[in-house]
Protein chains: 2
Amino acid sequence: MNVTSATVGQQAYATLRQRFARMGHIRNAMGILGWDKDTMMPAGASESRAESIAALAVLSHDLMTAPDMGDLLARAQAPDDAMARANLHEMRRQHAHAAAVPSDLVEAMSRASSRCEMAWRTARQDSDFASLLPELETVLARTRDIAAAKAQALGLSPYDALLDQYDAGTRQADIDPVFAELASELPDLIRTALTHQATLAAPVPLSGSFDVPAQARLGHETMRALGFDMQRGRLDVSLHPFCGGAEDDVRITTRYEEDDCINALMGIIHETGHALYEQGLPAAWRAQPVGEARGMSLHESQSLLMEMQVARSQPFMDWMAPRLRAAFGGADTDPAWQADNLHRLVTRVRPGFIRVDADEVTYPAHILVRYEMETALIAGKMKLSDLPEAFNTRIHDLLGLNVPEDRLGCLQDIHWPSGAWGYFPTYTLGAIIAAQLREAAERSDPTIMPSIGKGDFAPLLAWLRPHIHARGSGASTRDIVRDATGAVPNTGPYLRHLRQRYCAQV
Amino acid sequence: MNVTSATVGQQAYATLRQRFARMGHIRNAMGILGWDKDTMMPAGASESRAESIAALAVLSHDLMTAPDMGDLLARAQAPDDAMARANLHEMRRQHAHAAAVPSDLVEAMSRASSRCEMAWRTARQDSDFASLLPELETVLARTRDIAAAKAQALGLSPYDALLDQYDAGTRQADIDPVFAELASELPDLIRTALTHQATLAAPVPLSGSFDVPAQARLGHETMRALGFDMQRGRLDVSLHPFCGGAEDDVRITTRYEEDDCINALMGIIHETGHALYEQGLPAAWRAQPVGEARGMSLHESQSLLMEMQVARSQPFMDWMAPRLRAAFGGADTDPAWQADNLHRLVTRVRPGFIRVDADEVTYPAHILVRYEMETALIAGKMKLSDLPEAFNTRIHDLLGLNVPEDRLGCLQDIHWPSGAWGYFPTYTLGAIIAAQLREAAERSDPTIMPSIGKGDFAPLLAWLRPHIHARGSGASTRDIVRDATGAVPNTGPYLRHLRQRYCAQV
């Protein structure tokens with residue numbers, strides 16, 4: 001390579017940096033507009049807001065698919081630095097995803113999913129799968145079109161191309177053996193957990209009315225204790241909790257209920273896990289692709305690490321119990337407010353139909369079923385009209401439950417109607433990685449869990465920052481997990497964790 | 001004209017409509033991001049937010065100055081409809097403003113004003129004009145460059161070109177005679193008002209601590225009574241009150257103080273006037289140039305109509321007094337809480353140095369001085385180093401006050417440091433138009449003020465909607481006022497209003 005071509009390559013990279021920064025700034029704007037929509041916006045503004053968000057999406061897409069982008073990406077040379085090289089790699093990957101799908105297909109998908117989401121709201125309420133079927137057929141058809149287009153452009157299978165949108169580099173071939181192992185272990189694990197639970201004292205429920213401002217104060221305190229930087233984020237209220245916002249402005253939400261002081265708190269801790277990841281992304285790569293969070297599996301690993309590994313642990317409850325009593329006027333001697341009772345309350349196992357209400361032990365069963373269904377549907381190995389029966393059969397296999405109506409079965413989630421195929425497995429991959437990270441972190445620093453018992457979350461965060469957060473999108477999920485723990489994502493730590501917490505097996 | 005050219009012209013207009021709609025959607029996004037910045041945003045996000053807003057401004061400017069815009073605008077033919085023709089006229093005017101200024105001058109101005117605003121904060125605090133002078137010289141020089149560029153492109157004088165940015169179609173030649181008349185009347189009017197005031201019982205001040213949530217409740221109630229649509233807007237808190245947001249999402253702010261229950265309320269009413277204008281803009285022209293508010297004079301006329309003409313009137317206080325007593329536990333028999341005492345409190349005249357604290361009678365003096373100064377500076381007829389002395393001399397002429405330090409004189413406002421030259425006259429034009437509109441509205445419907453005494457603001461709004469709000473930018477400020485009142489903006493109604501309210505001259 002001669003000097004001139006190196007210069008051309010560097011200039012192309014510099015131009016790309018500017019363009020992606022602009023897309024990053026638009027993404028930040030959309031993050032705040034989206035947050036506002038769900039927290040602040042008056043009802044009458046929904047149409048105007050949809051137009052604003054759509055206009056920004058189009059502008060961003062136009063920047064990504066500008067006619068000279070292909071050339072620039074082909075010519076670009078990153079500086080000799082691992083993050084810069086990864087940045088260029090991510091630019092190419094994001095561009096490949098965006099450029100693979102012709103704009104008429106993007107539009108067709110957008111129309112189909114909007115219509116299907118509307119139909120789903122009614123179909124779910126009426127538990128009427130047949131009424132959803134035509135709209136869902138269209139969404140599935142367009143999803144398969146997109147999967148095929150991306151598969152060709154990216155050299156992947158159709159399902160892997162969908163998966164890659166949510167979790168770059170993760171492949172069905174990685175997931176299959178992991179999920180197969182879970183599927184074979186889970187029924188026994190659930191039985192054992194239920195048997196063990198029956199030997200314990202039944203937890204005393206917390207009853208009463210729990211002042212919402214007091215819940216909010218405790219939520220803020222807990223966020224700060226976990227390491228959330230209030231100078232670069234907020235906590236607000238929305239119907240469905242989420243973590244959103246923008247760079248240096250990470251906004252989480254929760255929903256308070258007067259008759260429950262634990263749900264909102266656990267929700268805040270979950271979203272704080274997401275937020276700590278966002279707040280810990282590499283500042284030097286702000287607004288660049290490599291500065292973004294790696295993907296949904298790793299994101300979910302951070303929320304579940306905080307919620308499941310940390311907040312539903314006995315040490316955490318030892319620290320939290322007096323705080324809960326102080327916040328809500330619980331008596332020191334009341335059995336309901338004791339740390340071990342509270343711990344039993346937040347680790348109860350109870351197989352049920354609804355995924356989002358599932359406990360830690362039965363949750364993966366819901367994901368395994370959805371993963372089996374969606375991989376078969378995308379591969380064309382199953383007809384959509386056969387979905388309810390297949391879904392219910394597998395729920396029975398794994399959870400021993402008979403789904404009485406589709407509202408409590410395959411109609412419960414918005415993901416498929418909204419076009420989010422390839423998303424479900426990231427929930428359980430996240431749970432698996434969370435356990436793996438917690439084990440590795442404790443190996444590296446045995447003070448982590450004892451510190452949590454004293455309300456000191458700094459040792460945990462000190463491990464997560466360099467091993468996960470600061471890596472941004474500098475490597476694949478698989479490689480980030482391997483670098484952090486010495487092994488690619490695997491079920492070992494997760495099953496150990498479940499057996500230890502729920503089956504008293506060490 | 002043959003069929004083909006008509007079709008080409010109609011297609012060009014349709015294309016322009018789409019592009020301006022996109023700019024409108026971006027403007028709405030920027031409105032929400034700006035509101036969020038001042039109400040919700042955590043401090044650490046300011047840099048990231050500035051980048052997002054700047055990115056959207058650049059995208060919008062790029063759309064406006066796209067290479068084919070000149071051709072499209074030249075070729076475009078609007079449908080045969082007054083609003084459509086006005087829409088095309090506004091497209092051309094907005095484009096002419098944007099295209100007149102080369103982008104390096106836009107950047108130079110942006111840099112100069114950012115630096116000057118920073119310097120101003122210190123200079124004002126230290127009352128040190130000399131320290132601001134170099135930065136302000138640069139801002140003035142760049143402002144004059146921009147004025148010259150726009151003057152050439154628009155066929156206007158430099159000052160008119162600046163004025164046209166804030167108030168399309170308003171010219172110095174229209175303002176000069178109006179302001180000259182005010183300048184000659186004002187000293188006597190102020191003296192007479194003070195003499196009259198001395199004959200009245202001194203108002204009893206409201207003292208005590210005024211619950212902030214109660215202030216907010218009363219503010220919301222009052223907004224709703226005035227006609228604010230809460231489904232398409234909000235009231236929040238910010239350091240400096242403003243009206244912002246987006247189409248169908250008009251957001252006003254106020255600042256509450258524990259020791260004063262009137263200031264925040266008057267502020268809310270002022271911003272509600274702005275908001276009613278925005279909420280009443282022609283829905284059919286949403287996101288199009290003709291659907292925007294006409295300009296700053298008319299906007300200020302709407303806020304001052306509500307605050308000065310309505311809320312500081314005796315009928316309004318007759319209605320508000322019992323509401324204030326109920327909100328803050330005032331005794332029915334307490335002289336401080338009586339309607340006429342409250343009315344005297346909100347119409348006190350007291351010449352002072354600070355524009356934003358000025359009463360209705362002395363306020364125009366502050367504007368006249370600034371207008372004289374900025375027209376002379378833009379025309380190159382005055383040196384910036386002579387500003388403090390010239391400013392203080394004219395304040396003395398009009399208000400009889402000796403400005404003791406520049407902090408209380410020419411350093412008090414951010415407008416000039418931030419590059420907003422040509423803005424000041426719109427405040428007093430707004431006050432003049434407000435009086436003129438109120439007179440015309442009462443002529444047309446004599447029940448308007450009596451209804452206000454009963455808390456019914458619908459008759460006033462019913463007159464404002466077609467005469468002002470629904471006209472959008474369908475004509476110039478001058479023509480909208482003439483159509484609504486039978487006369488172009490003139491001091492008659494305004495001086496009559498001041499003499500009647502403050503000098504008891506009918």
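Analyst: A salt bridge, as the term is used here, is a side-chain nitrogen of Lys or Arg that lies within 4 Å of a carboxyl oxygen of Asp or Glu. In this model, which is predicted, the side chains of D62(A) and R22(B) meet in such a salt bridge, with 3.5 Å from N to O, and because the cut-off is 4 Å, the pair qualifies. Across the interface of chain A and chain B the rule finds six salt bridges, and 16 residue pairs are found in polar contact there, both residues at pLDDT 80 or more.

On the side of chain A that touches chain B, the elements that give two or more residues are the helices α1 (3-39) and α2 (46-64), together with the strands β1 (233-237) and β3 (249-254). The largest share comes from α2(A), which supplies 10 residues. Sorted by kind, the residues on this side of chain A divide into 16 nonpolar, seven polar and 11 charged.

Taking the interface as a whole, 34 residues of chain A are in contact with 34 residues of chain B. The area buried between the two chains is about 2700 Å², and carbon and sulfur atoms give 59% of that area.

The structure holds zero disulfides over all chains, and for C116(B), which is in no disulfide, the nearest cysteine sulfur, that of C410(B), is 12 Å away.

Methods:
Residues are numbered from 1 along each chain as its sequence is written. Chains are lettered from A and ligands numbered from 1 in the order in which they are written. This is a predicted model: local features need pLDDT of at least 70, side-chain atom pairs count only at pLDDT 80 or more; totals for chains, interfaces and linings use all residues. Side-chain values use heavy atoms; hydrogens and water are left out. Contact means heavy atoms within 4.5 Å. Buried area is the accessible area (1.4 Å probe) that two parts lose on being put together, summed over both. A polar contact is a pair of N or O atoms within 3.5 Å; within protein, one must be able to donate a hydrogen and the other to accept it, and residues adjacent in sequence count only if both atoms are side-chain atoms. Helices (H or I, at least four residues) and strands (E, at least two) are DSSP runs, numbered from the N terminus. Ala, Val, Leu, Ile, Met, Phe, Trp, Tyr, Cys and Pro count as nonpolar, Asp, Glu, Lys and Arg as charged, and the others, Gly among them, as polar. A disulfide is a pair of cysteine sulfur atoms within 2.5 Å.
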